[in-house]
Amino acid sequence: MIRVINVRTFEFEEFLNESEVFGKYAILSHRWSGDEVSFQKMNEAGFRKRLAGRFELMLHYIHQGFRKIRATCRLAREVYGLQYVWIDSCCINQEDTHEKQASINSMFRWYKNASVCIVYLYNHKDSHNFPTRENLPPDNWFKRGWTLQELLAPKKVHFYSANWYLIGSKNDYSAEIKDITRIPEEAITNKCRLDKYSVAQRMSWAAERETTQGEDMAYCLFGIFDIVDMQKLYGLGAVEAFQLLLKKIIERTNDMSIFGWSDFEYSQSTEHYSLLARSPKAFARCGDFENISKEWHRTKIEQGRLEITGSARLRFVNIPSSLDLSKEDLPYWDTSPTCWTQSLAAGADSLPRYVLLVSAIKNKAVGIILERETKGSFKRDMNRPLVHMDVVNAEFVQFDRYSIPVDNGTVLPKPDGLNFHRGFRRHPKVSIKDAWPSSCWDHANCKLFEPDYFSQFCTLSIEVQLNSEGSSVSKHLALEVLCSHRNSKTWTCLLLDPEKSPNAKKALDDLRADQREKKWSEFVRKAEEVANLTNSIYTTWLGTTYSIFVSIKSNLANGYMAQIHVYTVPSMPTRSSPKLSVASEYSSNQSMNLDPLELLPPSRPVSRWEDAFMLTAKVS
């Protein structure tokens, strides 16, 4: 139902079928003043008579709301030849909550179906020149929240000065309006549909706008995002109302640019976390953001977490740890994507991070940095800016399903998996070359997550550098670490030497051709020699025997902790052999005496230094 004013009788007329009045009314867009005429005032018989009667000079100049109604009706009747006008201040019964809610949801459509939108610039007295960004007064029509849809919805918008003289149309001054509002001319002139622009870009159009009531900053955007089924409530607070709008938009679109916001002041507050922006101001720098999301993924919010399913992809990049976060003028940081296996060459000043692509600018992708919590759970890094990177020939990290918490109130899953010391990532003599399935390995935190089922397993391809004493010659030994927790909830790690077990290596390569997780029994059927593998191996090179093994210990804080140890053993020790002094290459002055048999393999950590992965044993 739409209620309009008859321009001749100044009486209300209601149409249950809006098509009956389609294109037959003018609509007013204006900045509300303190003396607007209400619906109840318009229903007073004496007031309508004054509107329809002779021009009352004193009332005309004193009562601004009275003046606007008369001027709008006169223009509609004499200039545009229309029978009706619609004015928001008096055509909506503000005391009827149900009617007010329905009107807010319908307002974009009413502006769109009007024959002409009359914009009254009450504080612009120059009838010959259009306003510019430089001479706009603080309280002006172009900076109000509700006027955004009033500019974009109608096809014909005419601007009038404070003295009700025509300045021109939005088509005539589209370039000037673009300079003031940062809105593309195609959107201003209705040559391009609004849904062709990304969510972040449309939000940027409202970044510099304000509303009297905080919640209205969300409600005034209903039409811009085609939201017609969200309840309008006051008392929620501006942030809560805006984030409810974002959640409603997420229900209707897969556009990931909605997460491409940046709020420097909010991000520096360590006690707060939110995947959703707090206001349109956070999208101020998203005016060029494109929608890169397709139909190959779905997003929805369940139990306080954003669930992403389908083929939404992540990237793996190296982020400088010394990045200056105090530069507010930098909305994002330029980088080049890399595969996590190349992170060793990135230097000690960078950390590998997951990046979720949310948008693009000029053929370069824009992403947000994520921290991995569990196998299928990430959390946005609030202390890092957006990432701007080239995506040509870059490798994706594929996840079929994962989730991101929306706010601090979300209950996070209990950490699971097998932890490796972080120093392992850049150890000069032990490096990880590959992980399978890739979805189970978190290289940023050196953590292997549990497969979906106990019967499945994971593998790490490692490379160990063997050095000969007194010689610069070295050998790179490729090994496979088979990790599983089959038959129990504790982890088991076995070492496979491809040179000694070629059949098992071939069977493993066949299974890894498919990135899906495989059952351990399936692997054993293909290579029976797997049954003889243990958590240690021995290899001899240039007369020196090397012992390489994996030890696992329980850690209440992080689940299970794994270490990979490498020793040189001049000769196989016996119980009568002298004790060995085991010294860390990282801390040569720290040593501890061990029983030689404990080296085969140890039942406790051989060093209290977290980064001591390469250990050298010698006879004392």
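Helices (H or I, at least four residues) and strands (E, at least two) are DSSP runs, numbered from the N terminus. This is a predicted model, in which local features need pLDDT of at least 70 and side-chain atom pairs count only at pLDDT 80 or more, while totals for chains, interfaces and linings use all residues. Residues are numbered from 1 along each chain as its sequence is written, and side-chain values use heavy atoms, with hydrogens and water left out.

Next, colour by burial. Of the 620 residues in the protein chain, 53% are buried (under 20% relative accessible area, 1.4 Å probe, protein chains only). Contact means heavy atoms within 4.5 Å; among contacts between residues at least 6 apart in sequence, 66% join residues at least 24 apart.

Now select R193, L194, D195, R202 and D226. Of the 35 residues that line the largest pocket, these lie nearest its centre. A pocket here is an open set of points on a 1 Å grid over the protein atoms alone, where a 1.4 Å probe fits, with protein on both sides within 12 Å along at least five of seven lines; lining residues have an atom within 4 Å of a point. The volume is about 960 Å³, taken as the space filled by probe spheres set on the points.

Which helix gives the most to this lining? Show helix 6, which supplies five residues. Helix 6 (97-113), helix 10 (199-204) and helix 12 (238-252) each supply at least two.

Stay on helix 6 and pick E99. Buried or exposed? E99 counts as buried because its relative accessibility is 13%. Beyond its neighbours within four places in sequence, E99 is in contact with R3, C91, I92 and N93.

Move to helix 12. Its buried residues are A241, F242, Q243, L245, L246, K248, I249 and I250. To see what covers them, show, among others, helix 10, helix 11 (216-219), strand 8 (297-302) and strand 9 (305-310).

Finish at helix 4, residues 64-79. Here 12 of the 16 residues are buried, so helix 4 is largely enclosed by the rest of the structure. Among the buried ones are F66, R67, K68 and R70. Step past the end of helix 4 to G81, where phi is positive, near 65 degrees.

Methods. Buried means under 20% relative accessible area, exposed over 50%, partly exposed in between (1.4 Å probe, protein chains only). The expected span of a helix is 1.5 Å times one less than its number of residues.
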